Amino acid sequence: MKTLSLRNLGKTYFDPYAGAHVTAVHDVSLDVELGEFISVVGPSGCGKTTILNMIAGFIPYSKGDILLDGKPVHGPGPERGVVFQSFALFPWKTVLDNVGFGPKMRGVPKAERDRIAREYLALAGLSHAAHRYPNELSGGMQQRVGVVRALANNPDVLLMDEPFASVDAQTRMTLQEELTRIWQERKPTVIFITHDVPEAVFLANRVVVLSKGRVLDEIAVDLPRPRVWDDLVKDDHFKQLSARVLQMVRAA
Ligand SMILES: Nc1ncnc2c1ncn2[C@@H]1O[C@H](COP(=O)(O)OP(=O)(O)OP(=O)(O)O)[C@@H](O)[C@H]1O
């Protein structure tokens, strides 16, 4: 398991339509501890996805450093798993084979990768769906498969970009509870991007608020775990923390 450091990270894009450079990320420094769960919030266009894509190694950074266990990150790697809003499952593969895909790419033999996939499917309450195809699943189930597919690679760092944005509110709350439960069991380091302030607070140990490509502030979330919505909707401390984060995002 590894720690993640962003040091004075910056990203400038060339915008071909404007014929000019756009600085999406100005100067971001952040140390993420082993097994920490960080939520990142901020107004549209503040650079959240750009930062996540740089950590994933999908796009190069323009300045600064990203260090994973002290080593610079350049390009994607199996120690960093990514979950997007779109489910991005392979439609021609069963759920079991979707989840076993990462281990397959690492050369894990079939029996062992099926065992790994079944273990993760059980963790997400999806054992019954192992032999179905993605188009036979609801949106919430597809997103669960997306999450366990990333986890089946046993990543040190799980990068999540608004993974629950396209499911209904009820399913979303269930997925949030499940994710906190799975995280507590496996303890990967998680960076979770969201527009939803209560979601950010519910999930994280720390919420990072971005504004115009910079870190505006960070708030520690000292709510006890396990976290369940039935308790937290009535919890004054949860409400206060959410209100503080919301104020910051609105001021960002
Ligand atoms: N490939 C690109 N080329 C040029 N500009 C880009 C590119 N990708 C992002 N940008 C610009 O960089 C800035 C930050 O974008 P980014 O998608 O990282 O923000 P975000 O906080 O994730 O936004 P949202 O919450 O709307 O998803 C925006 O001004 C955006 O227009």
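Select Asp31 first: aspartate 31 is partly exposed, with a relative accessible area of 41%. Keep in mind that this is a predicted model. Asp31 sits in strand E2 (residues 20-32) and Arg7 in strand E1 (residues 4-15), so the bridge ties together parts 24 residues apart in sequence.

Next, select Asp196 and Arg172. Their side chains meet in a salt bridge, 3.6 Å from N to O. Asp196 lies in the loop between strand E8 (189-193) and helix H7 (197-203), while Arg172 belongs to helix H6, so this pair also links parts 24 residues apart in sequence. Asp196 is partly exposed at 26%. Arg172 counts as buried, because its relative accessibility of 15% is under 20%.

Stay on H6 and show H4. Helix H4 (residues 110-123) packs against helix H6 (residues 169-186) at about 130°, with axes 10 Å apart. That angle makes H4 oblique to H6. Pick out Glu119, Tyr120 and Leu123 on H4, then Arg181, Ile182, Glu185 and Arg186 on H6; these make the contact. Three of the contact residues are nonpolar and four are charged.

Now go inside. Select Val201 and Val245, which touch the most other members of the largest nonpolar core, a set of 53 residues. Helix H5 (residues 139-151) gives this core its largest share, six residues. A second, separate core has 26 residues, including Val28, Cys46, Tyr61 and Ile191.

Terms used. Residues are numbered from 1 along each chain as its sequence is written. This is a predicted model: local features need pLDDT of at least 70, side-chain atom pairs count only at pLDDT 80 or more; totals for chains, interfaces and linings use all residues. Side-chain values use heavy atoms; hydrogens and water are left out. Axes are lines fitted to C-alpha atoms, for helices over the stretch in contact, and angles run from 0 to 180 degrees between N-to-C directions. Helices (H or I, at least four residues) and strands (E, at least two) are DSSP runs, numbered from the N terminus. Angles under 35 degrees count as roughly parallel, over 145 as roughly antiparallel, 65 to 115 as roughly perpendicular and the rest as oblique. Contact means heavy atoms within 4.5 Å. Ala, Val, Leu, Ile, Met, Phe, Trp, Tyr, Cys and Pro count as nonpolar, Asp, Glu, Lys and Arg as charged, and the others, Gly among them, as polar. A nonpolar core is a set of buried Ala, Val, Leu, Ile, Met, Phe, Trp, Tyr and Cys residues joined through side-chain atoms within 4.5 Å. Buried means under 20% relative accessible area, exposed over 50%, partly exposed in between (1.4 Å probe, protein chains only). A salt bridge is a side-chain nitrogen of Lys or Arg within 4 Å of a carboxyl oxygen of Asp or Glu.
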